[in-house]
Amino acid sequence: MSESKGVLQGFKEFLMRGNVIELAVAVVVGAAFTNIVNAVVKGVINPIIGALGSQNLDNYKACLTTCTVDKKTGVFTDGIYILWGSVLSSALTFLITAAVVYFLMILPMNKWKERQAVRKQVDAGPLAPTEIELLTEIRDALIAQRLPSPSTPSVTSGSIGTQKTQE
């Protein structure tokens, strides 16, 4: 019984993580972009390529062996052929989808994250002193304690070895 509660608790924690919700949103937005990109490819890209031949890229084929074409339908009835037009159409769809997602989603999100990181640094205030700065302050405090009076010339060289020789 406790093991099933552990599994259910783990599943609940998995669902409540932000990654699952972000992934679900990405799938929905990706599906919407896919419809837009398919419309652009079919309505704009294919007609441009169609100026060189057929507007339907699926009609672009290459025959590897002796192929027989039905003259009425234009379909290969015999032989081995490669449908390179549909591969080209899918590649164009992928590239356009990737470009849209990158330029409209990824790039703005990265810039927003950079601005947030800079804002956090500014809001954090001054940075804590480094180890060298702390050691320098300790050294200067010790030197100030050892000096008998302010009339003694101060050490400006900054190295401990020269301080010992001056005393």
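Modeller: Buried means under 20% relative accessible area, exposed over 50%, and partly exposed in between (1.4 Å probe, protein chains only). By that rule, 10% of the 167 residues of the protein count as buried. Mind you, this is a predicted model, where local features need pLDDT of at least 70 and side-chain atom pairs 80 or more, while totals for chains, interfaces and linings use all residues. Residues are numbered from 1 along each chain as its sequence is written, and side-chain values use heavy atoms, without hydrogens or water.

Biologist: What makes Leu64 exposed?

Modeller: Leu64 has 58% relative accessibility, and the cut-off is over 50%, so Leu64 counts as exposed. Leu64 sits in the loop between strands E1 (62-63) and E2 (68-69); strands are DSSP E runs of at least two residues, helices H or I runs of at least four, numbered from the N terminus.

Biologist: How do you know that the span of helix H3 agrees with its number of residues?

Modeller: The expected span is 1.5 Å times one less than the number of residues. H3 (residues 84-123) has 40 residues, so it should span 58 Å, and its end C-alpha atoms are 56 Å apart, which agrees.

Biologist: What makes you speak of a kink in H3, and where is it centred?

Modeller: The bend at a residue is the angle between axes fitted to the seven residues ending there and the seven starting there. In H3 the kink is about 40°, centred on Tyr102.

Biologist: Which residues of H3 are buried?

Modeller: Gly85, Ser89, Thr93 and Thr97 are.
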